[in-house]
Amino acid sequence: MSFDPHLQGLPGAVLHDVTVPARAPWLHHVAAGQTLRIVDLEGNQAVDFLLYAAADDAERYSAQDTVAAQGNLFLREGTVLRSNEGRPMMTIAATSVEYHDTIGGACSCESNTLRYGHHTKAEHACVENFLEANLLEGRGKRDIVSNINFFMNVPVEDDGSLGIVDGISAPGLTVDLKAEMDVIVVVSNCPQINNPCNGFNPTPVRMIVTA
């Protein structure tokens, strides 16, 4: 069997291993104790990410609770991803990127039109990916909350403004998330082509779940 650097350091047997195409959604159930590794295969690919509690999906990821609990805007190694009930959902067990974003939001057809002009209206966006994945389990647009953007660089300037700038990821970099409860992971492999979050060129990512 050939050496696979993307599996290095993972804690258990591989249960699920898939490459999510550029611009595509992905949904998967991850049980408590399992680890999800996200691999940025080609570098500078934003991975928009939502979490729901498997037991009751009215409990879901809360950017506000997560940021308030740790007292920092950025998500780093050791960050606990908290729900709207304040409970731990997943923990960033390891990351080869210094930090990740949870304030930049997800692109939508509406926000694209506002930011980049009416000619972008028909372009695919993360909100549509989230909706497509969530509809598989009966969730709708109201269930799409503030999300995480793994591998995305959204600096906060001195005057409080946000920038979406060149990413700080590179080919093969990873983030490992350990499930603290049974969760439903919903991902949009971001299709944005109008700003540098994907290097203007959306690419595939790899999702590996281990025991």
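At 21% relative accessibility, Asp4 counts as partly exposed, while Arg206, at 11%, counts as buried. Here buried means under 20% relative accessible area, exposed over 50%, and partly exposed in between (1.4 Å probe, protein chains only). Asp17 comes in at 38%, so partly exposed is its class too.

A quick word on the source: this is a predicted model, where local features need pLDDT of at least 70, side-chain atom pairs count only at pLDDT 80 or more, and totals for chains, interfaces and linings use all residues. Residues are numbered from 1 along each chain as its sequence is written, and side-chain values use heavy atoms, with hydrogens and water left out.

Searching the whole structure turns up 7 salt bridges, each being a side-chain nitrogen of Lys or Arg within 4 Å of a carboxyl oxygen of Asp or Glu. Among them are these:

| Pair | N to O distance |
|---|---|
| Asp4 and Arg206 | 2.8 Å |
| Asp17 and Arg206 | 2.7 Å |
| Arg60 and Asp143 | 2.9 Å |

Arg60 sits in the loop between β4 (47-53) and α1 (63-70), and Asp143 in the loop between α3 (126-135) and β7 (148-150), so their bridge ties together parts 83 residues apart in sequence. Helices (H or I, at least four residues) and strands (E, at least two) are DSSP runs, numbered from the N terminus. Both Arg60 and Asp143 are buried.

Back to Arg206: salt bridges with shared partners join Asp4, Asp17 and Arg206 into one network.
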